[in-house]
Amino acid sequence: MAHSLDVYNDFKNKKISSLFWQYALPAVIGTIVNTLYNIIDGIFIGHWIGREALSGAGIILPVMNLTAGIGMLVGIGSASRISIFLGRGENDKAEKVAGTSFMLTAVLSGLTLALLLYFVDPVLHFVGSSATNHIYAREFLEVYLPGSIFITLTFNYNNMMRASGYPFKAMVTMFISVIANIILAPIFIIGLGWGMRGAAFATTLSMFISFLFVMQHFISKNSNIKLYRRNFTLNLTYIKSIISIGMSPFAMQVAASIVVVFINWQLVHYAPLSNVSSDDAIAGYSNANRLITLVIMIVIGINQGMQPIIGYNYGAKNYSRVKTTFFYAVKVATVITSIGFILGFFIPDILVRAFSADEDLISISAIALRYTTLSFAFIGFQMVTTSFFQCIGMAKVSILLSLSRQILILLPTLYILPLFFGLNGVWASSPIADLLSAGIALTVLIWYFKSIRTRIHTATN
């Protein structure tokens, strides 16, 4: 209990910059480590299985985004609610959220995975698979999908662990999984010669090990909130409260899946018109996306570090600390995405060599990376602002900002620009969407802070 009181006192009184890094640094390290899964798989697949397999790994990205979206729907929604309940001193409700989260994940993941496995071939054709990459994509999904429920549960409870005051332990969870993956991937892919199935086995088994670690935390006596059998229910009140906040990141993931499917379709159509094979274009996009995701995940880690601080202080009506935390997170995120722009624009060919020694594929990947990082400096602000509204329970605003980039802007530009600029138009769509969506986020943010100026003024006087 002493630890619990120290955590809550820190949320209320500790200097924001110190408190922010106390939570954000382990979260950032954790998300970087988590992203290494994709990068490690890409390195082993590209160098030891082949470019067609790399294209197959790129094709299944929408499916993996969808399964990850369930984790975000339940995990981030639960973590946000837990932070708010802890800020109000309602620990019993926080524990009921943790129990409900397990059951909700099991139901949603079970239904989704069953449908995806049953319709795996139609799904792969829908997302743009070709005769050459279909078999590789199928081999991966047949192993990955049944085990992804452990990935989802680990993501859920890792977020709750961080939200309840254990950021370092949440980071350790992700370190365990990536170290296991680094050990298992070469054994399964190269040593045993299992190819894509080996990559999937390494990923799911590594996350299962982390799942055991994170669940042990919530049944131990040292946790601020605990899992009790009586709370393993589908409580409609808590389900609604979880989904109302988690819907924003879920919508973002579903939108990301839709966007990737549309990008695949456009690459299949326009790449041959530029004398580039569709498989190479998809593999090039996949390589660029792996590196972009690394930067994006750092910002997500910043958001995760920000979330319990804002959630607690918003629940406690400490609005000045909410505002200070938000703007500090924006500054940090903008620095990170600006570095991403510099590296992606000026040395893309060096970065993408990690995935292949094929010069043609390196060239295509470098072009994709240079284009997609053009407006990258602005995306950090947009992501933090979206997460901010999610943290304070304004789910509708957060969903609007999530969808503004992916659906309202990116899809139309992906359709229009290639009509005039071909394959380059596909690449150029992302930076345009980044810039315009950041403008929308700024407009909404100005409106919000004007609306709460009186509350902030009252809280500081």
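Buried, in what follows, means under 20% relative accessible area, with exposed over 50% and partly exposed in between, using a 1.4 Å probe and protein chains only. The model is predicted, so local features need pLDDT of at least 70 and side-chain atom pairs count only at pLDDT 80 or more, while totals for chains, interfaces and linings use all residues. Residues are numbered from 1 along each chain as its sequence is written, and side-chain values use heavy atoms, leaving out hydrogens and water.

I'll start with T154. T154 sits in helix α7, residues 134–163; helices here are DSSP runs of H or I, at least four residues, numbered from the N terminus. T154 counts as buried because its relative accessibility is 0%. What does T154 touch, leaving aside residues up to four places away in sequence? Its contacts, meaning heavy atoms within 4.5 Å, are T173, M207, S210, F211 and V214. A polar atom of the T154 side chain also lies 3.5 Å from the backbone oxygen of M207.

Next, helix α8. Its 25 residues, 167–191, should span 36 Å at 1.5 Å a residue, and the end C-alpha atoms are 36 Å apart, which agrees. The expected span is 1.5 Å times one less than the number of residues. Helix α8 bends by about 30° at L184, with a proline, P186, following within four residues. The bend is the angle between axes fitted to the seven residues ending there and the seven starting there. After α8 comes G193, with a positive phi near 70°.

Definitions and conventions
Helix = DSSP H or I, 4+ residues; strand = E, 2+ residues; numbered from the N terminus. Polar contact = N/O pair within 3.5 Å; in protein donor to acceptor, adjacent residues only side chain to side chain.
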